[in-house]
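Hi everyone, thanks for coming. Let me put the protein up on the screen and walk you through a few spots.

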Amino acid sequence: MSLVTLLPFIVLIGAMFLMTRSAKRKQSAAAQMRNDMQPGTGVRTIGGLYATVKEVNEETVLLDAAPGVDLVFAKNSIGAVLSDDEYNRIVHGVEHDLKSDGTVVPDDASSLTETDEPAADASSDASDDKPIDLGKKDAVDEPADEPADAKADEPADAKADEPAEAKADEAEPKKTDGESDAK
């Protein structure tokens with residue numbers, strides 16, 4: 001056999017050796033991490049449960065998931081051992097690197113609406129304004145500037161001077177191609 005026919009087999013065996021070596025390295029690092037767990041350490045299981053280690057045995061770990069809730073897990077089910085800062089950030093929402101002199105944003109918007117004036121002054125200002133008509137109006141029928149009462153007060157003979165075609169335009173807007181009465 002020549003070296004050319006053996007070369008693909010040698011490359012294949014070398015690639016398999018490198019892949020298994022890296023997998024073994026990852027396995028040993030995970031086993032070392034699980035063996036180094038101490039009571040009081042925060043962990044994440046492979047299922048995504050965050051808990052605190054209460055007791056470590058040979059094959060099992062006793063986890064404190066909540067006050068009064070103790071769970072027994074296999075050591076192999078521990079996905080990650082977390083640092084104290086990371087565990088507190090994820091579970092309790094505590095940020096240790098926040099600056100104490102920074103501005104504090106409140107959780108609600110109450111501070112955004114508060115004013116220095118007393119509440120009685122603010123309510124009297126609102127009563128001086130005209131009421132807002134929220135009724136639906138057709139923009140073609142009447143302009144926005146002119147109130148509806150002014151149109152009703154307009155004399156009937158003023159409209160009589162208009163041509164009949166203009167009256168028809170006011171009554172019904174013209175349809176363009178493709179429009180229909182169906183809604």
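Let's start inside: the largest nonpolar core has seven residues, namely Met-37, Val-43, Ala-51, Val-53, Val-61, Leu-63 and Ile-78. By such a core I mean buried Ala, Val, Leu, Ile, Met, Phe, Trp, Tyr and Cys residues joined through side-chain atoms within 4.5 Å. Buried is under 20% relative accessible area, exposed is over 50%, and partly exposed lies in between, using a 1.4 Å probe and protein chains only. At least two core residues come from each of strand 2 (50–56) and strand 3 (60–66); strands are DSSP runs of E with at least two residues, helices are runs of H or I with at least four, and both are numbered from the N terminus.

A word on the source: this is a predicted model, where local features need pLDDT of at least 70, side-chain atom pairs count only at pLDDT 80 or more, and totals for chains, interfaces and linings use all residues. Residues are numbered from 1 along each chain as its sequence is written, and side-chain values use heavy atoms, leaving out hydrogens and water.

Who touches Val-61? Setting aside residues up to four places away in sequence, Val-61 touches Met-37, Val-53, Glu-55, Leu-71, Val-72, Phe-73, Lys-75 and Ile-78, with contact meaning heavy atoms within 4.5 Å.

Now Thr-41, in the loop between helix 1 and strand 1 (42–45). Is Thr-41 buried or exposed? Thr-41 counts as buried because its relative accessible area is 15%. Beyond its neighbours within four places in sequence, Thr-41 contacts Ala-51, Thr-52, Val-53, Val-81 and Leu-82.

Zooming out, the protein has seven helices and five strands, and 10% of its 183 residues count as buried.
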